[in-house]
Amino acid sequence: WRKFMNEERDFNSVEYFYKCESEEQIVEAVKNGATSFEEVKEETGAGAGGCRGGRCKCNIELLIEKNK
């Protein structure tokens, strides 16, 4: 775990934040009417992984704002 925390990461990387689903699936859910993290989670499964959205919730909320 410590090694992982010290590694350089690209925080803009889709892979880093969206282990459960791709950014495109999240944007598509927003375009189909999802207006909250909970709605995106219900439609795509994003945020339902082992971290329960701890790594991606903030970024999914940003995607929702950008793609309303």
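Which residues are exposed on the other side of α3? Before I answer, two remarks on the model. This is a predicted model, in which local features need pLDDT of at least 70 and side-chain atom pairs count only at pLDDT 80 or more, while totals for chains, interfaces and linings use all residues. Residues are numbered from 1 along each chain as its sequence is written, and side-chain values use heavy atoms, with hydrogens and water left out.

The residues in question are Glu24 and Lys31, where exposed means over 50% relative accessible area, buried under 20% and partly exposed in between, with a 1.4 Å probe and protein chains only. Helices here are DSSP runs of H or I with at least four residues, strands are runs of E with at least two, and both are numbered from the N terminus. Within α3, which spans residues 23-31, the buried residues are Ile26, Val27, Ala29 and Val30. Seen down the axis of α3, these buried residues fall within an arc of 155 degrees, so they line one face of the helix, the arc being that of the directions from the helix axis to the C-beta atoms. As background, an α-helix has 3.6 residues a turn, so residues three or four places apart point the same way.

What covers those buried residues includes α4, residues 37-44, and α5, residues 57-66. Taking contact as heavy atoms within 4.5 Å, Glu23, Ile26, Val27 and Val30 in α3 meet Ile60, Leu63 and Ile64 in α5.

On the α5 side, the buried residues are Asn59, Ile60, Leu63 and Ile64. They cover an arc of only 150 degrees around the axis, which puts them on the same side of α5, whereas Cys58, Glu65 and Lys66 are exposed on the other side.

Turning to the cysteines, how many disulfides does the structure hold? The count is 0, with a disulfide defined as a pair of cysteine sulfur atoms within 2.5 Å. The sulfur of Cys56 is 5.3 Å from the closest cysteine sulfur, which belongs to Cys51, and that is too far for a bond. Cys56 is buried, at a relative accessible area of 4%, while Cys58, at 52% relative accessibility, counts as exposed.

One last point concerns the backbone: just after α3, Gly33 takes a positive phi of about 115 degrees.
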